[in-house]
Number of protein chains: 2
Amino acid sequence: MPDPESFHMSPEEFRRQGHAVVDWIADYCSRVESFPVLSRVQPGEIRAQLPQHPPQQGESFDRIFADVERIILPGITHWQSPNFFAYFPTSTSGPAILGDLLSTGLGVQGMLWSTSPACTELETHVLDWLVPMLGLPDKLLSSSSGGGVIQDAASSASLCALLAARERATQFASNRKGCDGRLIAYISTQTHSSVEKAVKIAGLGSDNLRAIEVDQNFAMRPDTLARQVEADEKAGLVPCFVCATVGTTSSNAIDPVREIGGICREHNLWLHVDSAMSGTAALCPEFRFLHDGMEFADSYCFNPHKWMLTNFDCDCFYVADRKHLIRTLSVLPEYLRNQATESGAVIDYRDWQVPLGRRFRSLKLWFVIRYYGIEGLQRHVREHVRLAQQFAAWVREDARFELAAPVPLNLVCFRLRSGDAENQKLMDQLNHSGDLYLTHTRLDGKMTLRLCVGQTHTEARHVERAWQRIQQATAQLGQS
Amino acid sequence: MPDPESFHMSPEEFRRQGHAVVDWIADYCSRVESFPVLSRVQPGEIRAQLPQHPPQQGESFDRIFADVERIILPGITHWQSPNFFAYFPTSTSGPAILGDLLSTGLGVQGMLWSTSPACTELETHVLDWLVPMLGLPDKLLSSSSGGGVIQDAASSASLCALLAARERATQFASNRKGCDGRLIAYISTQTHSSVEKAVKIAGLGSDNLRAIEVDQNFAMRPDTLARQVEADEKAGLVPCFVCATVGTTSSNAIDPVREIGGICREHNLWLHVDSAMSGTAALCPEFRFLHDGMEFADSYCFNPHKWMLTNFDCDCFYVADRKHLIRTLSVLPEYLRNQATESGAVIDYRDWQVPLGRRFRSLKLWFVIRYYGIEGLQRHVREHVRLAQQFAAWVREDARFELAAPVPLNLVCFRLRSGDAENQKLMDQLNHSGDLYLTHTRLDGKMTLRLCVGQTHTEARHVERAWQRIQQATAQLGQS
């Protein structure tokens, strides 16, 4: 008989080591500003420190955990540093980490209602909470024809939206006969790359993806969209899906959802609204204009894991009519049949997503909404927008720089007027310094720096120092 | 200026509350056997206890956490109970929980090498470790043409395999022109439903999926496969993809990979081997026959989150030639460009999966392999196989029962000889008792009970008691 004490980690050891890991994370948060934000290791440097072969016998947890500090930490780019201004952030927070820990400890699979009813019902409930919190239309509520589900990422939400759109457009023929190569999807030139990826995955083919031109603010031009849809219809193709973005990744541009929605309704196109980063701002009434026209949307997503203090992965995906989604994703083999499913009285979220298995992800979202309350979350958003607007004002006042796009919220796109090479040098110098981390995009054909204020602990002092460092580094480039 | 102390959880509070959550999990593990394994709540019962509106002001963590015990726990089906014998398990363990906690605390995005080099390099390294650990062919190593990546679930692995197969079969035409409705995929009648779902998602169409008949052991018949492939070729269709399963969900049947592989090679079909549950057994040399013929595989997956003590989500997915996978899934917009990617010297795992974002999931796998060592993991597998074989022997000796399928490893498919209604009654009575949880399938047209020994803390006493309870309940049905 094996002795379980000598084999698995005992509850006592788990308690002791768990406290140590919690303490390490608390300390990490306290000292995160002392690390270079962007990791300085070279390719292969981490692997070179790992033993070639796995251990034959088990090792003590103390020994394993010591290697985190020694080997892993230098290879971390610190997304949780308040000096992280790159990409869009992946925010976390104390209550989110603890909610996720609880999910891990409970270790349930929420694929079916019956495999842990609380996992499904809390998710439905919290996603219903968010509908009025964000000023979204009632049709997205689970009590209407729609409903929400947590996906891992906005990429997966886009894919599910496209699959539901394909289902509706082909009246389920896609499942029986395959794609016929005539379904057309529409994005703007600024839409996130994940939608192009979804179009490839779903087998529509890149030739059937239309990237509509944008206006001077990098927002999709509805007139061009309408003309393209009509041309495609005339050519015998089947326009099927439009993705409008509220807050593009490149520049935070806001597509005109209401006008796009009118076109979609006229031509019976599925409208998906991707608000992955910016949706969180709609928690504040003054930013709810973001969701103007949302009554036209067939699906919608935003990512609490970006700006709403809930660690990855947590994308909230809504549909206005769940039947198309479920029809395209549901396959029910015998070994998953159960009374609750057959009764039709429950949601089985496996039919709302690509994978079968799913974690209890709503726990962290529930913890965050309750710990901060609506007012705490609003305060968080407002402060970040205020800081980004302050930064944009500094850029505007400095003749060496220009703003490259409007700044509706918390992302500032800016550049030196002196050209791509100088901007590249500036960015490299800043990122190599370790003091802050920002990334770039290309707008109007020009290299453009992006500074996004969205990390949980970013305060005024961090944004002020970022601007000081940018000015210093610019001076070192010989510009004064 | 906001005062961060009054707004976010302070490091001190995180430490205190984190210890409390760790203690709760340790206690949960100690008392998990005291709960009914299958939750007894009715649909809507959990939601009815949740307030209709989210809180305006934040609440204390103590208050939030108290609701876990009060509201959530009764709605949990206890996957971490040693009396959980249903479906396939989702194992976890102390080191895995702590590795995942660390991943949550670090909060990095591993989408690109540069966004946290350690996240990518540890994943590559640990997945390379597993290749010889499981007796898999060298071509799956990252140092050859292939490599491994962690997916959330085997469903996603199947989808990625199918997409790579589609890419290879169409020489990238699928991305340009869409599916042409002529690509054919092959599974057996026993293949997991996720492959049918993948075929729908990828737009091949269900009409282009062939479910090949199985032999008396529920394994795919290679002769039938060969005939079907030839018929499809003659009909001008394009056979493209075969999924062979090593350990089906329904009955743990093992498809003859070597023979299927020969057919795939002859007809240039992509062979994906799904070993989600059973792959872990190949840690033991005596079970490595499972991977016989794996040199024919183009892709392979197994789930450490099923039987290798690593909590969900952790599916290890390998390809023999990574270029097809990357070509079908890579889209590189300007805002993701960086020097390391352009150098070609690094892996960017976003190109190996559907979503863009990704957690640092290899930490938990690294912790598990090191904490248990190869010998500890082997001991775990051997004990579960021994217990399942013991259970199968008891079934065999009881004239009221029959085994419904061979028992190669740790899943026992059995039934009362007295018919479906009696088996349904037996299962319902056992599951409603709360003493254990098992689920069913249908084999040879008959309702069949499945008992899988795979939960981390399942020991001899649990399996013995399960058999006693089954005998008792059978007697209560009036059978003696």
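This is a predicted model: local features need pLDDT of at least 70, side-chain atom pairs count only at pLDDT 80 or more; totals for chains, interfaces and linings use all residues.

Q: How many helices and strands does chain A have?

A: The secondary structure of chain A comes to 15 helices and 11 strands. The radius of gyration of chain A is 24 Å, close to the 23 Å that the globule rule gives for 480 residues, so chain A is as compact as a globular protein of that length. Along the principal axes, the C-alpha atoms of chain A fill a box of roughly 75 × 60 × 45 Å.

Q: How many residues of chain A are in contact with chain B?

A: The size of an interface is often given as the accessible area lost when the parts come together. Here we can count residues instead: 133 residues of chain A are in contact with 133 residues of chain B. Helix α1 (residues 11-31) of chain A gives the largest share of the side that touches chain B, with 15 residues. By kind, the residues on that side of chain A divide into 62 nonpolar, 47 polar and 24 charged.

Q: What rotation superposes chain A on chain B?

A: Two copies of a chain are related by a rotation about an axis and a shift along it. In this case a rotation of 180°, with 0.0 Å of shift along its axis, superposes chain A on chain B with an RMSD of 0.0 Å, and that is the relation of a two-fold axis. In chain A, the C-alpha nearest the axis belongs to Ala202(A), 2.3 Å from it. The same surface serves both copies, since 99% of the contact residues of chain A recur in chain B.

Q: Which residues of α14(A) are buried?

A: An α-helix has 3.6 residues a turn, so residues three or four places apart point the same way. In α14(A), the buried residues are Asn423(A), Leu426(A), Met427(A), Leu430(A) and Asn431(A). Seen down the axis of α14(A), these buried residues fall within an arc of 120°, so they line one face of the helix. The face turned away from the buried side of α14(A) carries the exposed residues Ala421(A), Asp428(A) and His432(A).

Q: What do the buried residues of α14(A) pack against?

A: They pack against β9 (411-416), β10 (439-443), β11 (446-452) and α15 (460-476) of chain A.

Notes. Residues are numbered from 1 along each chain as its sequence is written. Chains are lettered from A and ligands numbered from 1 in the order in which they are written. Helices (H or I, at least four residues) and strands (E, at least two) are DSSP runs, numbered from the N terminus. The radius of gyration is taken over C-alpha atoms; the globule rule is 2.2 Å times the number of residues to the power 0.38. Two residues are in contact if their C-beta atoms, placed from the backbone, lie within 7 Å. Ala, Val, Leu, Ile, Met, Phe, Trp, Tyr, Cys and Pro count as nonpolar, Asp, Glu, Lys and Arg as charged, and the others, Gly among them, as polar. Copies are superposed by least squares on the C-alpha atoms of residues with pLDDT of at least 70 in both. A residue is buried if 20 or more other C-beta atoms lie within 10 Å of its own, exposed if 12 or fewer, and partly exposed in between; C-beta atoms are placed from the backbone. The arc is that of the directions from the helix axis to the C-beta atoms.
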